[in-house]
Amino acid sequence: MNFFEQIESNFKEYREKTIINFDGEEKSFGDFENMSNSLASWIISKYGDDKSPVIVFGHKENEMIPAFLACSKSGHPYIPVETTLPHERIEDIVENSEAKLIINVSETDIHINTVDVLKRDNLLGIFEEYSGKIPDKKYLVSGDETYYMLYTSGSTGKPKGVKVTFNNLDSFIKWGVELAEITEKDVILNQISYSFDVSVMSYYFALYKGASLITVDKRMVYDFKMLLKKKKKSGITVWNS
């Protein structure tokens with residue numbers, strides 16, 4: 001069973017269990033399944049068999065990971081882009097990747113003439129409008145197809161994209177969860193920016209093993225009093241940084 005099949009199985013087995021908690025707002029495994037299915041169905045209805053990359057723009061919002069999964073379910077590599085990235089860098093990423101869609105899960109406005117932008121309000125509407133719809137599995141990214149792309153900051157020139165395939169990620173997850181002995185009882189710190197590759201250790205390990213995520217954003221990282229209080233109350237058992 002590959003990692004995505006295991007995640008789909010966990011959506012059923014742990015349906016009512018909290019997968020993520022950010023600033024007191026919780027989402028369950030069932031919520032993640034519903035949101036990713038709804039958004040994937042909308043993407044397919046709009047873009048069909050097109051497989052161009054999709055930029056997911058945000059920080060640590062609970063909708064980020066379901067947006068990643070929706071891209072995968074609709075046949076598109078996803079590109080995580082932080083809200084703090086300069087606008088010209090985002091334009092460079094759009095141009096280089098030839099992305100046609102930006103999914104903005106944040107409250108930060110972004111406008112680029114050459115690409116469609118799905119705003120947060122419209123995204124939340126799609127979750128409701130397409131609720132209950134299930135995307136055809138024929139669209140799912142698989143094998144040696146690019147599963148996600150990460151871009152360098154571009155501080156020494158144009159941002160450079162790195163492609164990670166479905167098989168790459170499958171091998172990494174299965175190696176990592178065994179190495180770290182992750183179980184469904186674990187609570188994993190979700191602190192590293194999604195635009196950094198090591199972040200997949202938190203959210204994909206949790207999705208794969210039925211564990212939970214406690215999200216810490218930049219605001220908390222820079223406020224040690226808040227960070228330590230959060231850590232004390234969270235019950236975190238796994239920390240990667």
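**Exercise 1.** In this predicted model, determine what share of the contacts between residues at least 6 apart in sequence joins residues at least 24 apart.

*Solution.* Step 1. Consider the contacts in the protein between residues at least 6 apart in sequence. Step 2. Among these, 70% join residues at least 24 apart.

**Exercise 2.** Identify which residues of helix 6 are buried, and explain why they lie on the same side of the helix.

*Solution.* Step 1. Helix 6 covers residues 166–180 and reaches 21 Å from its first C-alpha to its last, close to the 21 Å expected. Step 2. Residues with under 20% relative accessible area count as buried; in helix 6 these are Phe166, Leu169, Asp170, Ile173, Gly176 and Val177. Step 3. Because they cover an arc of only 145 degrees around the axis, they lie on the same side of helix 6. Step 4. In an α-helix there are 3.6 residues a turn, so residues three or four places apart point the same way. Step 5. On the other side of helix 6, Trp175, Glu178 and Leu179 are exposed.

**Exercise 3.** Name the elements against which the buried residues of helix 6 pack.

*Solution.* Step 1. The helices are helix 1 (3–13) and helix 7 (200–209). Step 2. The strands are strand 7 (146–151) and strand 8 (161–165).

Conventions:
Residues are numbered from 1 along each chain as its sequence is written. This is a predicted model: local features need pLDDT of at least 70, side-chain atom pairs count only at pLDDT 80 or more; totals for chains, interfaces and linings use all residues. Side-chain values use heavy atoms; hydrogens and water are left out. Helices (H or I, at least four residues) and strands (E, at least two) are DSSP runs, numbered from the N terminus. The expected span of a helix is 1.5 Å times one less than its number of residues. Buried means under 20% relative accessible area, exposed over 50%, partly exposed in between (1.4 Å probe, protein chains only). The arc is that of the directions from the helix axis to the C-beta atoms. Contact means heavy atoms within 4.5 Å.
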